[in-house]
Structure formats: structure tokens, C-alpha cells
Amino acid sequence: MPTLLLKNAYIATMDDHQREIPEGGLLIRDGFIEQVGQIANLPNTADEILDLKGHIVLPGLVNTHHHFYQTLTRAVPAAQDANLFNWLKTLYPIWARLTPDDIFISTQTALAELALSGCTTASDHLYLFPNGSKLDDEIAAAKEVGLRLQASRGSMSLGESKGGLPPDSVVDTEENILKDSQRLIQQYHDAKSGAMVQIVLAPCSPFSVTSDLMKQSAKLAREYGVHLHTHLAETEDEEQFCLQKFGHRPVGYMQAVDWVGGDVWFAHAVWVNDEEIKVFAKHDCGVAHCPTSNMRLASGIAPIKEYRAAGVNVGLGVDGSASNDGSHLLAEVRQAMLLSRIKEGITGFSRSPLPAGEGLGVRSLMTAREALHLGTRGGAAVLGRKDIGSLEVGKCADFFAISLNRLDYPGAGHDPVSAVVFCQPTRVDYTVVGGKFIVKEGQLVTVDELKLIEKHNKAAKRLVAG
Ligand SMILES: [Zn+2]
């Protein structure tokens, strides 16, 4: 069993004690962490040694919501300044032209970007399968890049003619969707520790899926012990849609279709009230917070501090690249911290006057370490994975490293952990998944970056031109 010794780094373990080790190291054996500690207490030989003097090492970031294919439709002019429903209506006809090759190329681009931003596990939500496309195309592409993948088999069954938002040309029958979902679970889902691929069932949203498909998907997922994911309470428009169509607010609708439980996580969950936060906490539902997308589409600000205070698991997602328009997960950690502070500024301070003698400095703002917790432990909990999210003995050897000797960090050496969040997020120097290098010395090692960009641009041009 091959061993890798990482030494001389500033290690932030993100374990339960938030242990940070200035002169630290990791001993990795066969893809898992065997020892974590001060370098003096670790062996000094291994099959491979990586000296990371001057670097900070953090657990690999966990992305809980994305649509990889949308990297092909970034910054499309007609969709730049639209809110969610108009943005979708502009892009659906373009996405209807996607091919299996497009899915493959865009998956690699998104995962390459994610890897260069410190991500080691990514969830993706693919809910359009035009022109023979399959989730298999994405899984094959991810295997080459080498990141862990929570592949969500998305679906849309409520077309315009039945009162849904998407055109009928991009929706499918319930029968086909359920049959393919079952096939994918049987073919790919790995429930073991260290799994590289897990399948998730993910009807797209209340406004694109029938109630029956929601119920049937939940039933099928629970037969196999796989997780469930969907978009929820993203905008006020959706709230109005649910009230009119189903007679429930979005969270009430989820309860009505048996979509609450520790096996369910929702993307966005912006428009919720205090009672609905309690419903999530009571049933252990998770939330994928996507701050950039929520700002880009003017959707609103999710109540992250309230979720955390209620005990709800929250992870971070970059969301699809047509509403971000990138896949930089460390940047999303920073956005989460900053957006939480904006919310605090708008609501917290103005709602409750400061107690006498108390200055703004003592208010409890989201810290850099809390934001990193969302991006690591929080994301792992949301996906139901106990084997990732921190650097601890027995967990997957998934981490990233950044050199602090670059222009982004001079003057921030007093707190390297906070520096990688407060200072402008950068490309990472190393990303390792299960002990294998995905990024080494700042370069992707599993895909050819320049060739990928060329192929991707060609595919995007054809797709958007029609
Ligand atoms: Zn999304």
C-alpha cells in the first residue's frame, strides 16, 4: 500500500477541536489519512514525500450544488440581467441542443475549475438529457479528472402545457425518469467509505416536476438508501407558484410529498420563515447555500446564521456556471462570509438596537473559520458523507494547499487560515483526492487545460449559435 508523507505545512484540520498545527504533516496510506500531527511526531520516510514549507493545508472543499453543463452558457448576453424565471426561459431552448459530448466537455471544465479552487468532492445536478445525453457521460468525464462525484440524476416532467415553466421539449415521462434512475443507482452507486461516485435522485424544482414524480423519486431513493436533492424556496416567484399550484408554501409542499429527512438537501432555501427553519432542523434536512448565484439572479439572501443557530446542516455550492459565472469554491467561501455580513447589516443591526456600551465589534459576524466550516464539514454533512470534510485519522486523504509566498498574502501572515478567506481567493497549488494529485505545483495533472479550453469554446459557440 503506497504512502505519501506531507510535511512542514500549516495544517488546519477542521476537526471537532478546530486543531491547527503550524509545523504539521499528514501520513497517507492507500488513500486514507493514517496520521496527523506535528512533523516531529511523524515518520520521516514514505514512498513519496511532499515538503509544503510556506503552505497552508486545508481539508478539500465540498461543493453541494452545481450544474456543470452551464459552463457552456456563461455570460450569455440575453440572460445576463434577468431574474430566475426569465433567465431559465432564455436558456432552456439553448440547453435543449446539448449533446453527450457537451456534457462530457463541460463536466471536465467545471471539475477542473473546482479542483483549482480547492474542491475535492462535487455534487452535480444534471436535469436535462437532450439528444441522447446521459448521466453516464458526466460520470465518465469525472472519472478522468479524479474528483469525488455526487452525481444527481435530475429530472423535469412538468412542461408548459401542464402548467410548468420549461418547454415541453425538455421534459420527460415519469416512467423513463424512474427507470433510468434505478439503472444508474444499480450501476454506479457506491455506499462505501472513500466512494468516488454516489448517485442522488434530484427532480429539478417545484415548477418543473409533478407531485407524483416527487413522491415516486423519494420512494425509489429510500429503497436503495440514496439521497434526495432539489431546488427549493429560491425566489418569491416560486413561493407564489407553489401557493397557487399546490396550495402550500415550498417547504409545506415538500412535507406533503414526503421530501423531509436526513437524506434530503435543498439548494438555496432563501425564502423560508422561522417555522420552516424549525421544520428543517426537526427533520435534519440540509441546505446548499449558493451566495453568488443568489446575488447574480437577485433571488435574496438565505438566513444562514438562523439555520446554523437552529442546528440545520449548511454546505456551500457554486451553483451552475450560468448564474455565477464560475466554479471557484474558495471564492464562494468568501462570498458566504461577506453576504452573511451584509444580511447582518441590513436586518440584525437595524432590528435590535445595540445594548448600552456595546460597539459593532462585539456583534457576532460570520468568521472566516465559520465560512470554511460551511465549505468543508458543513458540505460533508449535507451530502451525508462521514469520510470527508476534515483532516483526521481514518478519513479520505482529500486536501488542498496554497503557498502563502505569493502577492495575495504579504501582511496576512498572523492568521494564515483567515487569510485564505479574507484575501482575494486564488488558484491553489495542490489538490489531492484520495492521496492522488489532481493539481500539482499549480497545474492540473489529470487533464490538459489548454486543449480543454479550446474544445469547450468550440462546443459553447455551436450550442449558443443554434
Ligand atoms: Zn441550481
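Is the crossing of α4 and α5 left-handed or right-handed? It is right-handed, and the views below start with that pair in this predicted model.

**View 1. Helix α4 meets helix α5.**
Here we look at α4, residues 174-188, packed with α5, residues 211-224. Their axes sit 11 Å apart, at an angle of about 20°. Angles under 35 degrees count as roughly parallel, so α4 and α5 are roughly parallel to each other. On the α4 side, the contact is made by E174, I177, L178, S181, Q182, I185 and Q186. Facing them from α5 are D212, L213, Q216, S217, L220 and Y224. Sort the contact of α4 with α5 by class and you get 6 nonpolar, 5 polar and 2 charged residues.

**View 2. Helix α4 again, now with helix α3.**
Helix α4 also packs with α3, which covers residues 135-145. This time the angle is about 25°, and the axes are 11 Å apart. That makes α3 and α4 roughly parallel to each other, too. From α3, look for L135, D136 and I139; from α4, pick out R183, L184, Q187 and Y188. The class tally for the contact of α3 with α4 is 4 nonpolar, 1 polar and 2 charged residues.

**View 3. Helix α2 crosses helix α14.**
Now for α2 (residues 100-116) and α14 (residues 449-465), whose axes come within 10 Å. They cross at roughly 130°, so α2 and α14 count as oblique to each other. The crossing of α2 past α14 is left-handed. Helix α2 brings D102, I105, S106, Q108, T109, A112 and L116 to the contact, and α14 brings E449, L452, K455, H456, A459, R462 and L463. Split by class, the contact of α2 with α14 holds 6 nonpolar, 4 polar and 4 charged residues.

Which residues are the protein donors of the zinc ion? They are H65, H67 and H231, each through NE2, plus D319 through OD. These donors lie 2.1 to 2.5 Å from the zinc ion. The 4 donor atoms subtend angles of 87 to 174° around the zinc ion, so the arrangement is irregular. Along the sequence, the donor residues follow the spacing H-x1-H-x163-H-x87-D. H231 lies in strand β10 (residues 227-232), while D319 is in the loop between β13 (314-316) and α11 (329-351), so this pair ties together parts that are 88 residues apart in sequence.

Definitions and conventions: Residues are numbered from 1 along each chain as its sequence is written. This is a predicted model: local features need pLDDT of at least 70, side-chain atom pairs count only at pLDDT 80 or more; totals for chains, interfaces and linings use all residues. Side-chain values use heavy atoms; hydrogens and water are left out. Axes are lines fitted to C-alpha atoms, for helices over the stretch in contact, and angles run from 0 to 180 degrees between N-to-C directions. Helices (H or I, at least four residues) and strands (E, at least two) are DSSP runs, numbered from the N terminus. Angles under 35 degrees count as roughly parallel, over 145 as roughly antiparallel, 65 to 115 as roughly perpendicular and the rest as oblique. A crossing is left-handed if the near helix is turned anticlockwise from the far one by less than a right angle, and right-handed if clockwise. Contact means heavy atoms within 4.5 Å. Ala, Val, Leu, Ile, Met, Phe, Trp, Tyr, Cys and Pro count as nonpolar, Asp, Glu, Lys and Arg as charged, and the others, Gly among them, as polar. Donors are N, O and S atoms within 2.8 Å of the metal (3.2 Å for Na, K and Ca); water is not among the atoms, so sites may look incomplete. Four donors count as tetrahedral if all angles lie between 85 and 135 degrees; four count as square planar and six as octahedral if opposite donors are over 155 degrees apart and all others between 65 and 115; anything else is irregular.
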